[in-house]
Amino acid sequence: MSRTALRICPLCEATCGLTLTIEGTRVTSARGDRDDVFSDGFICPKGASFGAVDGDPDRLRTPLVRRDGELREATWTEAFDAVAAGLRPVVERHGPHAVGMVLGNPNVHTMAGALYPPVLLAALGTRSLFTASTVDQMPKHVSSGLLFGDANAIPVPDLDHTDHLLLIGANPLESNGSLCTAPDFPGKLKALKARGGTLTVIDPRRTRTAKLADRHLAIRPGTDALLLAAMAQVLFEEGLVDLGELSPHVQGIDELRDAVRDFTPESVAAACDVDSALVRTLARELAAAPTAAVYGRIGSCTVPHGTLASWLVDVLNILTGNLDRPGGALFPQAATDRTPRPAGPGRGFALGRWHSRVSRHPEAKGELPLSALAEEIDTATDEGTPVRALITVAANPVLSAPDGDRLDKALDSLDFMVSVDPYLNETSRNADVVLPPPPPSQSPHHDFAFNTLAVRNQVRYSRPAVPLEPGRMAETEILARLTLAVTGMHGADPSSVDDLVVGQTLGKAVQDPHSPVHGRDPEELAAQLAGESGPERRLDLMLRLGPYGDGFGAHPEGLGLERLLAHPHGIDLGPLRSRLPQPLKTLSGKIELLPQPIADDLPRLRRAAAERPTGLVLVGRRHLRSNNSWMHNVPALTGGTNRCTVQVHPEDAERLGLRDGEPVRVKGAGGEITAPAEVTDGVRRGVVSIPHGWGHDRPGTRLSHASTDPGVNVNQLLDGSLLDPLSGNAVLNGVPVELSPLG
């Protein structure tokens with residue numbers, strides 16, 4: 001007999017509500033939850049394929065331990081014994097920094113991934129942290145940290161109310177949105193146009209989003225920051241700057257005016273390949289709109305000036321008075337955010353508190369560049385010990401980082417490696433121990449990170465839709481046991497990790513005069529926590545201490561886990577609202593418009609205005625039925641438009657002798673790849689587009705469907721030397737490449 005269960009979709013950042021149909025323990029179908037307070041029944045092809053993703057037969061069901069050079073099935077006890085025996089000696093012999101940790105993109109889509117890696121990192125004490133952020137959005141974290149004092153204070157466009165939306169390097173009709181959590185992003189853009197609003201898209205490709213736009217600018221890749229700086233210059237030159245209610249919260253306006261004075265539309269037009277008059281029109285329209293928002297994403301982050309472009313996105317919102325006002329760009333308020341503190345100066349944000357060992361890359365937000373992982377393993381220097389052991393959690397850097405061939409060899413040279421991953425993929429195949437989490441239907445779900453980026457404040461929680469299968473271990477328990485194993489507490493009760501966090505959190509809260517539980521007994525508060533497990537108790541704790549919480553009785557109508565469970569479709573917490581100055585944590589307590597690291601990097605941008613690239617340059621692209629490297633093993637999500645091809649403009653194809661569908665050789669600084677040509681005027685002249693996440697042809701994996709049509713790894717074209725200097729983010733777009741027919 002079939003039954004239904006509610007579940008929040010974990011397959012992209014839109015976080016749509018699903019209604020699952022379940023027969024026995026198998027998910028047979030998924031449809032949108034029409035009563036979900038956030039998504040209102042919207043669903044995309046990934047969500048509709050939830051059952052196929054969940055039931056993929058290639059998902060690992062038991063741990064794997066390397067014996068005599070081969071990965072073989074083992075018990076959980078054997079696996080954690082091997083972890084303790086492999087990792088702990090590395091820490092004792094070489095110190096904690098010799099153990100590296102890599103956190104992948106899917107890690108952010110799980111409850112376990114939000115709650116346990118910070119505890120593991122703190123307990124281990126390593127500075128060798130690498131994540132998917134430095135091949136994606138780290139420039140936005142850095143620019144937000146410098147502007148607002150908090151790297152996680154990222155404003156999002158108020159899609160439901162804005163009159164004018166300018167998108168740069170973003171394709172939400174394919175990605176469903178990123179750093180802007182919005183179910184049915186396409187519907188919101190169509191609603192914007194239906195109410196008379198304007199949509200402008202800046203992208204070197206004529207994407208599905210660009211086709212919807214009122215105006216599409218096919219900018220030369222990598223010149224986003226120049227265009228945005230010129231728009232800021234026009235606002236100053238033509239007297240269009242109007243801070244409005246932001247004025248008391250902003251400092252550095254005169255310094256900013258001087259800093260962008262040289263970036264006239266005429267000075268950047270040739271580099272951007274955009275007419276100077278059009279640049280002025282963009283600035284004027286932005287200033288004239290009743291409300292407006294500028295939103296930049298991965299195309300403007302993964303370029304040589306990614307941090308400057310991310311900074312300028314917010315600068316334009318500030319100069320037009322559109323930051324922190326309805327219809328503009330606002331700071332969301334998640335239910336699990338920390339207890340709001342009174343506005344005032346904070347600790348600020350610092351870069352480069354330590355550096356990578358080999359190339360001396362500065363840390364950003366506690367992370368080192370993923371591009372540097374290979375050299376941190378395989379290169380000896382006089383300073384420090386190389387990374388000798390590695391923990392990867394839901395990560396596949398062999399495909400997601402530049403020069404995967406080098407990294408693959410480096411991983412093979414490690415003393416020990418453990419992967420928490422449901423698949424034996426291109427990275428985890430190198431591990432000594434693989435710890436597989438259960439499928440999403442058997443896991444609880446709450447979006448800690450994405451609710452801080454949501455276009456409407458709301459809170460939702462899904463308990464497991466299917467009981468944990470015998471022989472499996474919850475991902476929360478896997479990560480708790482991993483924490484104990486690497487810190488010399490192997491064999492202790494995994495619940496002790498949750499108890500430790502609860503005790504530490506309440507211990508600080510009762511001493512905080514701004515906390516609703518100030519002066520109370522932490523043990524008495526801990527005894528009041530609801531939940532069937534340690535993770536649920538921690539969620540209850542965060543909800544009750546959060547901005548909408550009941551404060552353990554201080555606000556009886558507030559949130560807690562029990563109230564949330566009584567609302568299975570979620571609780572709507574209202575539209576985004578103005579919050580300044582509360583989110584600001586800068587040393588001055590104000591928005592610091594021209595932070596010194598930004599000012600120091602502007603000369604590099606000025607030099608870029610004189611550059612005139614003559615060859616072909618590379619850009620990536622997203623597919624609606626995919627998400628990086630982790631969905632190509634699901635037949636329902638591959639084929640059709642979801643193909644690994646080399647898109648090239650017809651004029652470039654004719655000049656180079658390339659024919660549609662025939663193989664083309666692509667050469668870059670890191671190597672060369674071969675893939676079918678796709679001749680299309682959807683890319684501008686001089687641009688080559690290849691999707692990310694493919695290359696499933698390495699031996700030793702268990703990805704039976706992906707390996708039948710493996711595609712090629714576009715990041716093998718990169719040697720890892722090109723980084724945005726402020727954030728350490730890999731430069732993936734605007735990279736020179738050469739094309740030639742294979743024959």
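The structure holds two cavities of 30 Å³ or more. A cavity here is a set of points on a 1 Å grid over the protein atoms alone where a 1.4 Å probe fits but cannot get out, and lining residues have an atom within 4 Å of a point. This is a predicted model, in which local features need pLDDT of at least 70, side-chain atom pairs count only at pLDDT 80 or more, and totals for linings use all residues. Residues are numbered from 1 along each chain, and side-chain values use heavy atoms, without hydrogens and water.

Select Lys140, Ile154, Pro155, Tyr295 and Gly296. These lie nearest the centre of the largest cavity, which 13 residues line. Its volume is about 80 Å³, meaning the space filled by probe spheres set on the points. Next, colour β8 (156-157), β13 (293-296) and α15 (306-319); each supplies at least two residues of this lining.

Now select Cys9, Cys12, Ala14, Thr15, Cys16, Ile43, Cys44, Gly47 and Asn176, which line the second largest cavity. The volume of that cavity is about 50 Å³.

Last, select helices α10 (residues 224-237) and α12 (residues 265-272), whose axes come within 9 Å and cross at roughly 160 degrees. The helices are therefore roughly antiparallel, a term for angles over 145 degrees. Helices are DSSP runs (H or I, at least four residues) and strands are E runs of at least two, numbered from the N terminus. Axes are lines fitted to C-alpha atoms, with angles from 0 to 180 degrees between N-to-C directions. Show Leu226, Leu227, Ala230, Gln233 and Val234 in α10; they meet Pro265, Val268, Ala271 and Cys272 in α12, with contact meaning heavy atoms within 4.5 Å.

Definitions and conventions:
Parallel < 35°, antiparallel > 145°, perpendicular 65-115°, else oblique. 1 Å grid on protein atoms, 1.4 Å probe; cavity = no way out; pocket = protein on both sides within 12 Å on 5 of 7 lines; lining within 4 Å.
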